[in-house]
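Please look at the model below before reading on.

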Amino acid sequence: MSFNIYDFTSFTQSIHDGLSSVMAPGWVTFTELVIVGIVFLAFYALTGLALVYIERKVCAFIQNRVGPNRVGPYGLFQTVADATKLLLKELLMVHKADKFLFNLAPYIVIVASFMALGALPFAKGLHAIDLNIGVLYILAVTSLSVLGILIAGWSSNSKYSLIGAMRSGAQVVSYELSVGMALLTVVLFTGSMQLSVIVESQVDGWWIFKGHIPAFIALIIYIVASTAEINRGPFDIAEAESELAAGFHTEYSGMKFAFFFLAEYVNMFFVAGLAATVFLGGWMPLHIGGFEAFNRVMDFIPPIIWFFGKTFALIYIIMLFKWTFPRIRIDQLLTLEWKYLLPINLFNILIVALIVMMGWHF
Amino acid sequence: MNGFTKYFSDLFKGVSSLLKGMRLTSGYFLSPGEIVTEQYPENRATLKLPKRAKGEVIMPHDDENHHRCTGCGICENSCPNGSIQVITRKEVNEEGKAIRVIDKHIYHLSMCTFCGLCVKDCPSNALAFSNNFELAVFDRNKLTKVLNRPGSSLKKENKAS
């Protein structure tokens, strides 16, 4: 284990001790919750803004155009202008919509995103919660967003929204299987579901290298299934901008639409971050087991830069999916999952179990 | 057995076609030299439009202030929304015959749909599209144009008689 990776637990512990010396334990917990909440809100907003801008620029370059370049230098303030516009829009209430559910749906989607983000380790010791059932918790929490989508489609009292929501429900529920089982391969390799333990176990090489072919297949399956989970890319039949008139979020305007919009982009960040954590080593620098000098050189780059670098590389791949491939039909989507991804996944898990039992991995 | 091999061949062919697509788009992403967007207000000096670009409709006049419009009125008839008014007058030419001469060819730029039927249907090729596309004005009256210039006349064709 390399000794010059800064451990954030000392930082967080010092904050905790500082607070404990000033107030009662109940208040300490409350203040810490407030601090974590504010930090995550700020991170969420900033990530959302940055990702929308990055998406527009990447999409533009792929299509041989320039993208936003007028609002601020290189168009950097474009998303700020968009956010301001969304804030100022009138929140329309749909005729005969179920008021409570209509207002509730965006919040469910956002809350599911937040809860998932809290479990990601950004650097050593830098995560909000470190459950020992980390992977299971994340799977459970990301399943909440399908609730938000179904509620949005139902309460909009519009047939297009309902069709979009039903399709999305079918899609998300199917692909959750693949996501879970792809993550299961790494849990098998590591022997633990706790995310920090998974990252620590990659100290002598990332699982994609140590687990060679099965881990690589699992990564591919995970990325494809996750793009379907977040209703993005060639799997965005639910919000099909050109077909269903924006699908389940047709009737939403202003800030509520902004919530759905933001949640999609931050979900993309989360999915890429989880793939980076589990398959590509999270904040762990690229180590080759046994090459001490190489490892020391790699350690100079701060872990948080490693984490964001890997995440953004995967985000680029997810964006490439969206802007390269045509949208697939709902029946092709379900065929892909149940006839191709799921059997391959099951075989993969069998092979990984065999490898782990025989000790054939590095 | 056929279904079994078809499954795998479908899978591999599918994946390879996806990878081909991703290679193409990644290539576009990494080559900013292929960008086709024109940064319009800044590149006015070097802007070149193709010859077939449809700007506004003009009546080309040559160096001696001759145009080719005979005042037949075919363009007025073929314009789908009446953006052209051809006003003619009767004149007596050198041989003493009464002929029709174009007095004013009025073109309403405000109503023109740029369909090109007038240019296409003119039997003497009197009308053409210019490449000028910056046509916005502050006064609506400036959008009603007379296409034949003052003092211009019909070009005398050398007819083989």
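**A walk through two chains**

In chain B, strand E3 (residues 84-92) and strand E4 (residues 98-108) run antiparallel and are joined by 9 bridges. Strands count as paired if DSSP finds at least two bridges between them. The strands themselves (E, at least two residues), like the helices (H or I, at least four residues), are DSSP runs numbered from the N terminus. Within this pair, B:Lys90 stands opposite B:Arg100 in E4(B). The hairpin of E3(B) and E4(B) has 5 residues between the strands, and B:Gly96 takes a positive phi near 90 degrees there.

This is a predicted model, in which local features need pLDDT of at least 70 and side-chain atom pairs count only at pLDDT 80 or more, while totals for chains, interfaces and linings use all residues. Residues are numbered from 1 along each chain as its sequence is written, and chains are lettered from A and ligands numbered from 1 in the order in which they are written.

Consider next chain B as a whole. It has 3 helices and 7 strands, which follow one another from the N terminus as α-β-β-α-β-β-α-β-β-β. Chain B is divided into domain 1 (2-36) and domain 2 (57-154), with bounds that come from an automatic or database domain assignment. Taken over C-alpha atoms, the centres of domain 1 of chain B and domain 2 of chain B are separated by 55 Å. The C-alpha trace of chain B spans about 95 × 45 × 35 Å along its principal axes. The radius of gyration of chain B is 27 Å, whereas a compact globule of 161 residues would have one near 15 Å. This radius is taken over C-alpha atoms, and the globule rule is 2.2 Å times the number of residues to the power 0.38. Of the 161 residues of chain B, 11% count as buried. A residue is buried if 20 or more other C-beta atoms lie within 10 Å of its own, exposed if 12 or fewer, and partly exposed in between, with C-beta atoms placed from the backbone.

Chain A is built from other elements: it has 14 helices and 0 strands. How does its radius of gyration stand against the globule rule? The value is 21 Å, close to the 21 Å that the rule gives for 362 residues, so chain A is as compact as a globular protein of that length. Its C-alpha atoms fill a box of roughly 65 × 60 × 45 Å, taken along the principal axes. Buried residues make up 39% of the 362 residues in chain A. Two residues are in contact if their C-beta atoms, placed from the backbone, lie within 7 Å. Among contacts in chain A between residues at least 6 apart in sequence, 78% join residues at least 24 apart.

The C-alpha atoms of A:Gly134 and A:Leu195 are 5.6 Å apart, although the two residues are separated by 61 residues along the chain. Leaving aside neighbours within four places in sequence, A:Gly134 is in contact with A:Ala119, A:Met193, A:Gln194 and A:Leu195.

In soluble globular proteins, nonpolar side chains tend to be buried together. A nonpolar core is a set of buried Ala, Val, Leu, Ile, Met, Phe, Trp, Tyr and Cys residues joined through C-beta atoms within 7 Å. The largest one here has 80 residues, and those with the most contacts inside it are A:Tyr222, A:Ala225, A:Met268, A:Ala272, A:Ala275 and A:Phe279. Helix H11 (residues 254-278) of chain A gives the largest share of this core, 16 residues. Apart from this core lies another, of 13 residues, including B:Ile84, B:Tyr107, B:Cys118 and B:Leu147.

Where do the chains meet? In total, 11 residues of chain A are in contact with 13 residues of chain B. On the side of chain A that touches chain B, helix H2 (25-62) and helix H13 (303-324) of chain A are the elements that give two or more residues. A:Asn64 is found in the loop between H2 and helix H3 (78-88) of chain A. Leaving aside its neighbours within four places in sequence, A:Asn64 is in contact with B:Tyr28, B:Glu34, B:Ile35 and B:Val36. A:Asn64 counts as partly exposed because it has 15 C-beta neighbours inside 10 Å.
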